[in-house]
Amino acid sequence: MEAKGNTKNLLRQNAIWLVFVVEVIFFAICSQGTFVTPGNITNILRQVSYYGIASVGMTFVILIGGIDLSIGSIITLVNMVCAYMMVNMNMHWTISVLAVLVIGVIIGLLNGFMVAKIGIPALIATFAAQTVFEGLAYILTAGMPVSGFNKTYPAMNFFARSTVDLPFISIPWCAIIMVACLGIGSFILNRSYFGRYFYAIGGNEEAAELSGILVDKMKILIYALSGFFAALAGIVMLSRTGSAQATVGKGKEFDVITCVVLGGVSVNGGVGKISGVVAGVFIIGCLTNGLILMNVSEYIQMVVKGLVLAAAVGLDCMSNKGKSN
Amino acid sequence: MSEDFVLELEHIRKEYPGVVALKDVTLQLRRGEILGLIGENGAGKSTLIKCCSGAVVPTSGKIKINGKEFDRMTPQLAAENGIAIIYQEFNNVKELSAAENMFLGRPIRKGITIDRKAMEAEAAKAFEQLHIKINPRELVKNLSVGYQQMIEIAKAIQQNAQVLIMDEPSAPLTNNEVDAMFEVVNLLRNKGVSIIYISHRLEEIFYLSDRIEVIRDGEYVDTLITPNATEDQLIQMMVGREMTQKFPERKPCVDESKVVLELKNVCGNGDKNMSLKIHAGEVLGLGGLVGAGRTELAQVIFGAKPKESGQMFLNGKEINPKTPREAIDLGIAMLPEDRKRHGALLGVSIKNNINMPTYDRISKATVIDLKTERERAEKYRKEIQIKCPTINQLVKNLSGGNQQKVILGKWLAADSQLIIFDEPTRGIDVGAKYEIYKLINELVEQGRAVLMISSEMEELIGMSDRIIVLAEREMTGELKKEEFDANTIMAMASAIVDQGK
């Protein structure tokens, strides 16, 4: 009986990867051979890297029972400011990149301050931040795209365009950055005491505080981390597109939230692992890529992604109900 | 034969993956009787009543209601057959009136609109039947916990419940409210309603019940006629071994020369002018009525609530903790009254709970030393005998007594010098209580100081070296061991209240 229970558990814990395999097989068949090719795999890796990077911060946020809607606008702002600094202000690319990473952290700190110190619900606080910074990004260039920085600074191509070439496949550097970020995220959750604190806060804030955890500080730290990873994702995106657009980050927070929730991080907080989020990232990445290959329109893609998000949260809620019986 | 019984549970067994919650429990409830159901935490009482309500499906066994046999209940079947359960947590909507709550989910309609007048009239009738004075139009949020419970009972009766199962009904109530509840329960028995009454408080069981059923470790032990039963006998049946005394012996260990904590005119969190001393090796009992300001004082000492004026000294040094973190680092610990909400992190493992306040001490550059983490958890698991298969088990799966031990374990790991217990044994069964008392003894024998808040007079007198009594947010008296007396303490606890009148 025990052994049976274990197999069942193993299956349940890895059900998400099963979904991924089924998805790959589906697209492999339906795309008539264009999906599983070395070129397309490189392409998918490039596309998922910004989800993957941003989802590390979002995982922490959702783990403590919060949400961060501002990361789409952080991505936009990072794109605009970074390109603007290089092109219009002739700043060196390293300074520009560092500056926007700092901006990401500052926006995160601001979110954290609103949530932890003032007590604004995370949904509203980060939604307000989203609106403000999206507006600022637009104001900076009156909505005009900024490009040409990669001619002055070819190094800007490095993040997304340069690849490590292996015998069968080329791996873009941004995918390696993503793996590093996910690795760091997993390390923080499993080996550093911050991880223990995050799970504790997500489980029960009051009890966590009374166990000596400085809950407010942790919250601010987490939103700052979320801002940092979102900014990093923004830089990767800028490198990929080679031009900063004022709409580039719009709605990206929903893709990232979908990845994280699909990966089994409970929206009620306290439960989740990076390994699951990796699966979530690849499922959403392949879904987007596969649908494009099959010439499915952008609007139908939206419908599909929305349904996936609802299904993921639904499964989470249903398994919670099952447990309480 | 069987028509004498309203409800019969025959050889109920419930297995969860890896655990057997109920091995074999049989229960027979006669018409118009009060059956006391007792057993330690984790004995299976809750699972058993969930089998009656349909919330849990038994693995095997039969349920008979008025002789009619069922393999399982569903919430709907239970309601149709007149079984109602009063849980510890009420299912009421605070923003609705008493009457609306009574008819929640099944309002009386007039056409397509809700007939509020009819509902209020029906509710008033039901309240009158039970001799309860509640205005049906009053919002539930304005009613005391006692009245909220009355609404639940009235609702069950209004729905023609023949069997009323009450799970620890007295736990959230004040003494006066308990008396009122007893009256209603007796009234119901006289009307022919059969009642299963679950409680940890044996005196209530003796006062109310006609018969007492004991279960232990998911198994039926025995059923006794109440007048023939003795308290010692019941306790022995529940824990499965002889209990010679309620409070374990303690070596004299108070060191009057070492003051661990001293408060001088501390005000804050509603409390006024608190001055006290706790010595090394001493259990200082803090008595008083609910709301007297005892928990509030503990919160100030632990840094959870701000101190407004006055001074606090720990080992002679003035301290001023602003957060629990600071208090913990100073060597102060608190085991809160509401374990599930404030004490243990239920969704987190035993290992992580024990190490939670001290991760910074076993980490280098924020990276945890996993070996030390495991060893410390194993150490305290052994030392205070936390009963669990592994230290990776989630705390929510432990019984109340073991949860309390985990919380104590984390404070021992934090090397706390002053440990504040707020109602250390609330909701903990008899056997585990004794173990908690033994642990408190060990703490003071090691030279630590304990501040114990307790509303149980017996516990307060049995465990304390000295008692300070609060009333209405002020100190009203201090008693040395030889002066302990329940009546004196009660008088002090209500001193200011009387003056006020």
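This is a predicted model: local features need pLDDT of at least 70, side-chain atom pairs count only at pLDDT 80 or more; totals for chains, interfaces and linings use all residues.
Start with chain A. Its secondary structure consists of 15 helices and four strands. Its C-alpha trace spans about 65 × 55 × 35 Å along the principal axes.

Now look at how chain A is packed. Of its 325 residues, 52% count as buried. Take the contacts in chain A with a separation of 6 or more. Residues 24 or more positions apart account for 77% of them. The accessible surface of chain A is about 14500 Å². Carbon and sulfur atoms hold 69% of that surface. Charges come next. Chain A carries 18 positive and 13 negative side chains. The centres of these two sets lie 5 Å apart.

Turn to chain B. Here there are 18 helices and 24 strands. The C-alpha trace of chain B spans about 70 × 55 × 50 Å along its principal axes. The globule rule can be applied again. For 501 residues, a compact globule would have a radius of gyration near 23 Å. Chain B has 25 Å, which agrees.

The packing of chain B can be read in the same way. Of its 501 residues, 53% count as buried. Consider contacts in chain B between residues at least 6 apart in sequence. Of these, 65% join residues at least 24 apart. Chain B exposes about 22400 Å², and carbon and sulfur atoms supply 48% of this area. Chain B has 66 positive and 72 negative charges.

Next, go inside. The largest nonpolar core has 108 residues. Which of its residues touch the most other members? They are A:Ile53, A:Met156, A:Phe198 and A:Ile213. Follow A:Ile213 further. Another core lies apart from the largest one. This other core has 72 residues, among them B:Ala414, B:Leu418, B:Ile428 and B:Leu439.

Begin with B:Phe103. This residue sits in the loop between helix 3 (98-102) and strand 7 (109-110). Is B:Phe103 buried or exposed? Its relative accessible area is 4%, so B:Phe103 is buried. Who are its neighbours? Beyond four places in sequence, B:Phe103 touches B:Ile108, B:Met119, B:Glu122, B:Ala123 and B:Gln158. B:Phe103 and B:Gln159 are 56 residues apart in sequence, yet their C-alpha atoms are 9.5 Å apart in space.

B:Gly431 lies in helix 15 of chain B. With a relative accessibility of 1%, B:Gly431 counts as buried. B:Val239 is 192 residues away from B:Gly431 along the chain, and their C-alpha atoms are separated by 5.8 Å.

Now for backbone angles. Most residues other than glycine have a negative phi. B:Gln385 has a positive phi of about 50 degrees, although B:Gln385 is not a glycine. B:Gln385 belongs to the loop between helix 13 (370-383) and helix 14 of chain B. Its relative accessible area is 53%, so B:Gln385 is exposed.

B:Glu423 is not a glycine, and has a positive phi of about 50 degrees. B:Glu423 lies in the loop between strand 21 (418-422) and helix 15 (430-445). Is B:Glu423 buried or exposed? Its relative accessibility is 4%, so B:Glu423 counts as buried.

Finish at B:Asn402. B:Asn402 is part of helix 14 (residues 400-413) of chain B. Its relative accessible area is 8%, so B:Asn402 is buried. Not counting residues up to four places away in sequence, B:Asn402 touches B:Gln385, B:Ile386 and B:Lys387. One of these is the loop residue B:Gln385, with its positive phi.

Conventions. Residues are numbered from 1 along each chain as its sequence is written. Chains are lettered from A and ligands numbered from 1 in the order in which they are written. Side-chain values use heavy atoms; hydrogens and water are left out. Helices (H or I, at least four residues) and strands (E, at least two) are DSSP runs, numbered from the N terminus. Buried means under 20% relative accessible area, exposed over 50%, partly exposed in between (1.4 Å probe, protein chains only). Contact means heavy atoms within 4.5 Å. A nonpolar core is a set of buried Ala, Val, Leu, Ile, Met, Phe, Trp, Tyr and Cys residues joined through side-chain atoms within 4.5 Å. Accessible areas come from the Shrake-Rupley method with a 1.4 Å probe; for residues, only the protein chains shown count as cover. Lys and Arg count as positive and Asp and Glu as negative; His and the chain ends are not counted. The place of a charge is taken as NZ of Lys, CZ of Arg, CG of Asp or CD of Glu. The radius of gyration is taken over C-alpha atoms; the globule rule is 2.2 Å times the number of residues to the power 0.38.
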